[in-house]
Amino acid sequence: MKRTGILGVGKYLPENILTNADLERMVDTTDEWITTRTGIKQRRIAADNEATSDMAVKAAKSALKSAGLGPEDIDLIIVATITPDMFFPSTACLLQHKLGARQIPAFDISVACSGYIYGLTIADQFIKSGMYKHALVVAAEKLSSVTDWEDRSTCVLFGDGAGAAVLGPVDEGGILGASLGADGSKGDLLRLPAGGSRMPASIKTVENKLHTIKMEGNVLFKHAVKIMADAARAVTEPLGLKGDDIDIIIPHQANIRILNALAKRMGVDPGEKIYLNIEKYGNMSAASSAVALTEAVEEGRIKKGDTILMDAFGGGLTWGALIIKW
Ligand code: ACO
């Protein structure tokens with residue numbers, strides 16, 4: 001059986017930049033608080049008329065170009081997002097049409113920040129089984145559309161963007177292993193309460209700001225470090241890999257302190273092993289690890305033969321880790 005490799009990666013970030021200084025004028029916060037507590041300096045904000053599928057199509061085109069393939073070569077589209085254009089049709093179906101792809105299967109997955117790793121893992125199964133040859137996995141989020149811009153404890157954290165990968169069978173390297181998990185009992189720690197069948201949209205839900213992200217940040221923080229360390233162990237141990245065998249870690253970018261604590265638990269030097277771009281983009285949910293992988297490749301931080309650990313956690317709670325031989 002052939003392994004699945006990543007044939008090309010791409011990204012799209014909206015032009016508009018929101019800095020910590022801008023946020024100081026919007027809520028009671030400081031650049032110093034945001035920088036020391038999170039590592040974030042700025043984030044991108046999509047235009048009013050720019051929806052998730054608009055960002056997804058740009059990231060997808062950039063990944064196709066890097067893979068040297070066209071939309072007609074793609075056999076499967078998966079979009080990871082918690083901010084779809086609308087409930088349905090799925091953002092993946094909208095993307096299929098905008099890209100001009102064939103009438104191939106297309107669906108969204110709702111896994112919050114772990115969505116890119118879930119998406120890559122699902123695509124890997126279809127490719128390894130031989131059912132499909134080329135899959136497009138896109139992680140795209142417009143978190144600014146579900147952010148309460150008066151809540152300083154959340155609005156400083158999030159940003160918009162999209163990352164994508166084209167996957168296909170390879171003779172060497174590829175995805176060596178994956179580990180996914182979820183704990184629904186802790187779902188209340190991070191949620192967007194209204195707009196679904198439990199609490200349909202009403203004047204009251206809008207007045208009570210129930211269409212924006214609610215988060216128990218400090219409780220999540222404690223779970224995050226353990227969850228990411230456990231996910232890393234679950235994927236590395238069966239492959240006999242130790243911290244030293246990993247060339248680079250591409251994590252979900254939620255908070256620099258979580259990532260430093262993760263490095264400590266794994267016994268690796270965070271400055272050397274952990275790829276960071278949180279200062280530029282904040283937390284873009286599923287798109288964070290997708291954009292991070294793309295930028296690590298673009299900057300030459302990932303070379304042929306490198307062993308990469310991708311590691312993410314997010315709302316659900318969900319988590320996932322992947323080992324890729326580049
Ligand atoms: N500016 C200034 N002060 C603030 C701000 C702000 N922007 N936000 C909160 N504070 C205050 C609080 O009110 C509190 O004040 P008090 O002590 O007077 O009550 C104080 O700062 C400390 O608040 P904490 O919430 O305890 O701060 P903490 O050090 O935990 O940092 C943070 C908060 C950054 C949210 C952190 O908890 C975190 O990163 N948590 C994890 C978030 C995460 O990973 N989410 C999951 C992924 S997201 C996804 O799936 C979509």
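A salt bridge is counted here when a side-chain nitrogen of Lys or Arg lies within 4 Å of a carboxyl oxygen of Asp or Glu. The model is predicted, so local features need pLDDT of at least 70 and side-chain atom pairs count only at pLDDT 80 or more, while totals for chains, interfaces and linings use all residues. Residues are numbered from 1 along each chain as its sequence is written, and side-chain values use heavy atoms, with hydrogens and water left out.

The structure contains 16 salt bridges. In one of them, E150 pairs with K209, at 2.4 Å from N to O. E150 sits in the loop between β6 (135–142) and α6 (152–155) and K209 in the loop between α7 (203–207) and β10 (214–215), so this pair links parts that are 59 residues apart in sequence. Helices (H or I, at least four residues) and strands (E, at least two) are DSSP runs, numbered from the N terminus.

How exposed are these partners? E150 is exposed, at 63% relative accessibility, and K209 is partly exposed, at 29%. Buried means under 20% relative accessible area, exposed over 50%, and partly exposed in between (1.4 Å probe, protein chains only).

Another salt bridge joins E295 and K11, whose closest N and O atoms are 2.8 Å apart. E295 belongs to helix α12 (residues 286–298) and K11 to strand β1 (residues 3–12), so the pair ties together parts 284 residues apart in sequence. E295 is buried, at 2% relative accessibility, whereas K11 is partly exposed, at 25%. K11 also meets E298 in a salt bridge (3.2 Å, N to O).
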